[in-house]
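Subject: Structure handover

Dear colleague,

Here is the structure you asked about. My notes on what was found in it follow below.

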Amino acid sequence: MHGLDALAAAALDRLAAAGRKRSLTPVERLPGGRVRRHGRELVDFSSNDYLGLSHHPALIERARAWAAEYGTGAGASRLVSGHLAAYQAVEARIARAKGSEAALVLVSGWQANASVLAALLDRALWEAEPLVFADRLIHASLHAGLTLAGARARRYRHDDLDHLETLLAAAAAESPGAPRVIVSETVFSMDGDVSDVGRLAAIAARWNALLYLDEAHATGVMGAGGFGLTPGHGVDLAMGTFSKGMGSFGAYVGCSAVLADYLVNRASGLIYATALPPPVLGAIDAAVELVPTLGPERARLAAHAARLRAGLQAAGLDTGPSASQIVPVILGDEARTLAVAAALEREGVLAVAIRPPTVPPGTSRIRFALSAAHTTDDIDRLIDLVPRAVEETR
Ligand SMILES: Cc1ncc(COP(=O)(O)O)c(C=O)c1O
């Protein structure tokens, strides 16, 4: 008897005692930014389906058509027999949109960050140990990549590019010849703030550092054609996902052709994972085609976010540094944040409480993820409900 169940039960009891035990709740996703949970229809402010594309007829139709034509599974990794010819057209289109020489589609955002970063930070590649400089609030999947690579990042204060430069200068004095890699995001998932990509690129160029930026929350949503904030800035490696604004699943990296080739040979998440199922690749294909035409939806989403921020701030609430479709209301205390989320759910609004370890201690928040599928009335209802729910828990 290994006794693991008893140990796991004890670990769960400790989480429950700390108010941090989580569980899975079934939902039925509905169009129009709605979900059904516990039999009730709720306005969904917790999904990252920023343009409502997960229910778009063009994506559904192409997913259906590709399932009928190519089957439901890819059968093998891309390097074996899972590389549908369609990948080439999709990747060429992404590379054009990103302004990069090449692009590579990977199975998921988590897997892309974990395995691409690990491959890029391989000492054997650089013939030296690369020094990594990472924003303090980077996503868990980027941390996984650093961990897999055995890299210990120098972490700069969130969005503090002066601090980044100080760390780069100190490292250059200590180890002048060491390769340097900067890792950050363009839209931060929990604060909704937007990086200064131009300045990051200028810093990377000045210090001869490789720049890796995660565009998970910018893809589909930000930039003139909806392909994020990196195009035109000469970012070495721009990663993004199809799982959020693009309405389905999977990820991409935009980079040089030789780096893409290197990743096909070295990124374990591409080599040792079955390729995306054809219906998912079909949905990606349709989204990549559609997104440049969705300027009005992006404008509507930005207007929703501006309206919500203004309304909540006028009620005295702290929306942090949000400048995107992600609008947090930072409450600090975990129990209070849970109480506000519960009060909102009673009113028909799903907006989950985000607590440590997802965010730093003392910064628990309700994270509102907006969608172009929401109506202005949905936003106005939030502006009315949230301050009342917060007041009730004082
Ligand atoms: C910044 C960031 N990068 C990567 C990911 C992972 O993407 P995916 O959900 O497609 O695996 C997420 C989403 O959870 C994210 O927020």
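An oxygen atom of the ligand lies 3.1 Å from an N or O atom in the side chain of Lys244, and an oxygen atom of the ligand is 2.7 Å from an N or O atom in the side chain of Ser243. At Gly109 the backbone takes part: one of its N or O atoms is 3.1 Å from a ligand oxygen. These are polar contacts, here pairs of N or O atoms within 3.5 Å. The ligand taken alone exposes 390 Å², of which the protein buries 84% (Shrake-Rupley accessible areas, 1.4 Å probe).

This is a predicted model, in which local features need pLDDT of at least 70 and side-chain atom pairs count only at pLDDT 80 or more, while totals for chains, interfaces and linings use all residues. Residues are numbered from 1 along each chain as its sequence is written, and side-chain values use heavy atoms, with hydrogens and water left out.

The shell around the ligand has 14 residues, and Trp110, Asp214, His217, Ser243 and Lys244 are the closest (a residue is near if one of its heavy atoms lies within 4 Å). By class, two are nonpolar, nine polar and three charged. Nonpolar covers Ala, Val, Leu, Ile, Met, Phe, Trp, Tyr, Cys and Pro; charged covers Asp, Glu, Lys and Arg; the others, Gly among them, are polar. Helix α4 (residues 109-120) gives the most to this shell, with three residues. Helices (H or I, at least four residues) and strands (E, at least two) are DSSP runs, numbered from the N terminus.

Elsewhere, helix α2 (residues 57-70) packs against helix α11 (residues 278-290) at about 145 degrees, with axes 7 Å apart. Axes are fitted to C-alpha atoms over the stretch in contact, and angles run from 0 to 180 degrees between N-to-C directions.

Two backbone points remain. The peptide bond from Pro356 to Pro357 is cis, with omega near 10 degrees; Pro357 sits in the loop between β13 (353-354) and β14 (364-369). His38, in the loop between β2 (34-37) and β3 (40-44), has a positive phi near 50 degrees.

Regards

Notes:
A polar contact is a pair of N or O atoms within 3.5 Å; within protein, one must be able to donate a hydrogen and the other to accept it, and residues adjacent in sequence count only if both atoms are side-chain atoms.
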